[in-house]
Amino acid sequence: MTVYLVGAGPGDPRLITVRGEDLLRRAEVIVYDRLVGDALLDLARADCLLIDAGKGPGDVTLTQEETTQLLIEHGRRGALVVRLKGGDPFVFGRGGEEAQALREAGVAYEIVPGITSAISVPAYAGVPVTHRDLAAQVTIVTAHERPGKPRADVDWAVLAGLPGTLVVLMGMARLGPVAAALIAGGKAPETPVCVTQSGTTAAQRSVVGSLATIAADVQAAGIRSPAVTLIGAVAALREQLAWAESRPLHGRRIVVTRARAQASGLVARLRDLGAEVDECAVIRIEPVAGPPIDAAGYGLVCVTSPNAPRLLIERCGGDARAFAGATVAAIGQGTAAALREVGLVADVVAERSFAEGLLEALPDDLAGVRALVARAEEAPDTLPEGLRAAGADVDVVPLYRTLAARPRHPERLLAADAVAFTSSSTVTRFAEALAGHDLARVRGVSIGPVTSSTARDRGVGLIAEALEHDLDGLVAALLQVLSEPPEA
């Protein structure tokens, strides 16, 4: 096997490369840095060994030598090892040092580039590092060099005379001296400067000042590491081009509670709106074994969850044409969308995403109709009983069961701006995961009345319920309750 030095990108988990994501999903060992978020680690297999190699000011989990030795040891035993590094592994990421050590040890390696914060963080702040009218070149430096070097490689006096844009990484602790050195070297004191903290994430904040004032500006605003400093005329463009921090949910942290395999659509929409999303997989889906299903005998097929369509098709031989001639009914637009992914178009879609809504959408007289209900093992009997009351001959087929999945950081859930509950089972599993905590503190937002009822029964705090009982309605409810800017 090979040790892969993978760039995780600047912070937003969606900015990792396709190659990097594929390796994370297959890795047997992941050695990760301090700035790598949980969203990327959540991609790992359940049996993957996760090793924290984080380094921060005054807080070193593993030394560089210890980290390198781990890579060699796991590489030699034939594991698929991912060394996950913030930004790009070859841009001030010590990737070159690690690659040298692996080569000397005879361990194969591959470099998977990442998006460097030097360019992406300014872009998220609304500042292009080059511009035809303002900057034809860009210089990237670090203000944090290796301790004990006989001489510094960064000559600030020389950099002061260069045209274009100067990007300084890892420079917050020395921002004042760096600015003073550039001015002493001849850089104009009024040169625009933009400093961006936690760039590309929901915690991003930016301050624009001049070279003469930026140290005081940053201190007044409380900007801290990790941050990127951009010096040059292009920094003044932020006032015109800023975009990320103006998104409606920027700065908000929302917990999404559902099976991770089903969370991607909601998570993506909330991140597009600027939110930081914690994917709290309080439930996981386990297929239920059963005999093949002969779909040809059914006139009505009711599918109750986005988890069911793929499993249903598998039990019917893998061919959606088995349902030709049957009326396919779905509880909610999310289930209808999951049906389309496996080649089935729902003939009936409940406007309200629960059993009563589907019964309302179906004919009152179903005498002589043979109906199949594809659902979770533990689902209530409201739908099959309603179908039988209408005269249908009903077969209930449990395709999966929902099991508890313990969150990695349960304490973060209580401090979130909102917790999105997409079903009663997520409320139940959430309450179990936080047993012993004050659940009334939770700022829950529910997808509908059944879910809200479960939350009240469990003592889970609620601040809103979606008017439309689907993911669109849930997002709208979150936007409404979180529309005010977060407190500083």
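**Helix packing in a predicted model**

Helix 3 (residues 64–76) packs against helix 4 (residues 95–104) at an angle of about 45°, and their axes lie 10 Å apart. Helix 3 is therefore oblique to helix 4. The model is a predicted one.

**Helix 3 and helix 4**

- The crossing of these two helices, helix 3 and helix 4, is right-handed.
- On the side of helix 3, the contact is made by Gln64, Thr67, Thr68, Leu71 and Ile72.
- Helix 4 contributes Glu97, Glu98, Ala101 and Leu102 to the contact.
- By class, the contact of helix 3 with helix 4 comprises four nonpolar, three polar and two charged residues.

**Helix 7 and helix 8**

- Helix 7 (residues 175–184) and helix 8 (residues 214–221) pack with their axes 8 Å apart, at an angle of about 160°.
- Because angles over 145 degrees count as roughly antiparallel, helix 7 and helix 8 are roughly antiparallel to each other.
- Helix 7 and helix 8 cross in a right-handed sense.
- Leu175, Gly176 and Ala179 of helix 7 make the contact with Ile214, Ala215 and Val218 of helix 8.
- The residues in the contact of helix 7 with helix 8 are five nonpolar and one polar, with no charged residues.

Definitions and conventions
Residues are numbered from 1 along each chain as its sequence is written. This is a predicted model: local features need pLDDT of at least 70, side-chain atom pairs count only at pLDDT 80 or more; totals for chains, interfaces and linings use all residues. Side-chain values use heavy atoms; hydrogens and water are left out. Axes are lines fitted to C-alpha atoms, for helices over the stretch in contact, and angles run from 0 to 180 degrees between N-to-C directions. Helices (H or I, at least four residues) and strands (E, at least two) are DSSP runs, numbered from the N terminus. Angles under 35 degrees count as roughly parallel, over 145 as roughly antiparallel, 65 to 115 as roughly perpendicular and the rest as oblique. A crossing is left-handed if the near helix is turned anticlockwise from the far one by less than a right angle, and right-handed if clockwise. Contact means heavy atoms within 4.5 Å. Ala, Val, Leu, Ile, Met, Phe, Trp, Tyr, Cys and Pro count as nonpolar, Asp, Glu, Lys and Arg as charged, and the others, Gly among them, as polar.
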